[in-house]
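Please look over the chain below before reading the points that follow.

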Amino acid sequence: MDFATLKDALTFAMDKEKKANELYLLFRSKVKDDAAKTLLKDLADQELGHWKMIREALLTGDVEGIGAKAKGRDLQVSDTMVEVELTADSTPQDIMVSAMQMEKKAFDFYNGLLAQYKGTGLEALFSRLAREEMRHKEILEKEYETHFAQWM
């Protein structure tokens, strides 16, 4: 995805993070399992944290101190799954598939920005965001394997 300016890319990223936060909160309202509710709330909070981090970088240009966190492993559980359209009748499995695919797209987006801004002050920001999105995907894929893979 090409952007005319860095501001355009960061604004787009903020919008994606806000939508991810809202989607996780929506998923949370639909599941009954308390552990799933907790996981989805944690993921929503992390996406809101990403939004705040990007907003701060956009407003101040300051990306110092955006250190790295542990890199997630790509289990590739969802990589070959058919995309599902979420509706009011979506199953918990549909929600998990959609969430895993959303995190993969977010990782790909930040990884693309990382390549574009390698060697600049923004490298640390995009590197961290890419790693965190991969970590979210890993968490979701492990949960998916625990709750749904035994039926496959």
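**Notes on the model**

1. By class, ten nonpolar, two polar and eight charged residues make up the lining of the largest pocket. Here Ala, Val, Leu, Ile, Met, Phe, Trp, Tyr, Cys and Pro count as nonpolar, Asp, Glu, Lys and Arg as charged, and the others, Gly among them, as polar. A pocket is an open set of points on a 1 Å grid over the protein atoms alone, where a 1.4 Å probe fits, with protein on both sides within 12 Å along at least five of seven lines; lining residues have an atom within 4 Å of a point.

2. The model is predicted: local features need pLDDT of at least 70, side-chain atom pairs count only at pLDDT 80 or more, and totals for chains, interfaces and linings use all residues. Residues are numbered from 1 along each chain as its sequence is written, and side-chain values use heavy atoms, with hydrogens and water left out.

3. The largest pocket holds about 460 Å³ of space, a volume being the space filled by probe spheres set on the grid points, which are joined across faces, edges and corners. It is lined by 20 residues, and Lys16, Gln101, Met102, Lys105 and Ala106 are the closest to its centre. Helix 1 (6-30) and helix 3 (92-116) are the elements that give two or more residues to this lining. Helix 3 gives the most, with eight residues.

4. The second largest pocket has about 370 Å³ of space. Among its 16 lining residues, Val31, Asp33, Ala36, Pro92 and Met96 lie nearest the centre. Two or more residues come from each of helix 2 (34-60), helix 3 and helix 4 (123-147). Helix 2 provides the largest share of this lining, four residues. The classes here are ten nonpolar, two polar and four charged residues.

5. The chain has four helices and zero strands, in the order α-α-α-α along the sequence. Helices (H or I, at least four residues) and strands (E, at least two) are DSSP runs, numbered from the N terminus. Of the 152 residues, 41% count as buried; buried means under 20% relative accessible area, with a 1.4 Å probe and protein chains only. Of the contacts (heavy atoms within 4.5 Å) between residues at least 6 apart in sequence, 73% join residues at least 24 apart.

6. Helix 1 has 25 residues, which should span 36 Å at 1.5 Å a residue, and its end C-alpha atoms are 36 Å apart, in agreement. The expected span is 1.5 Å times one less than the number of residues. Buried in helix 1 are Ala9, Leu10, Ala13, Met14, Glu17, Ala20, Asn21, Tyr24 and Phe27. An α-helix has 3.6 residues a turn, so residues three or four places apart point the same way. The cover over the buried residues of helix 1 includes helix 2, helix 3 and helix 4.

7. Helix 2, with 27 residues, reaches 39 Å from first to last C-alpha, close to the expected 39 Å. Its buried residues include Glu47, His50 and Trp51, and the buried residues of helix 2 pack against helix 1, helix 3 and helix 4. Gly61 follows helix 2 and has a positive phi, near 75 degrees.

Technical notes: Buried means under 20% relative accessible area, exposed over 50%, partly exposed in between (1.4 Å probe, protein chains only).
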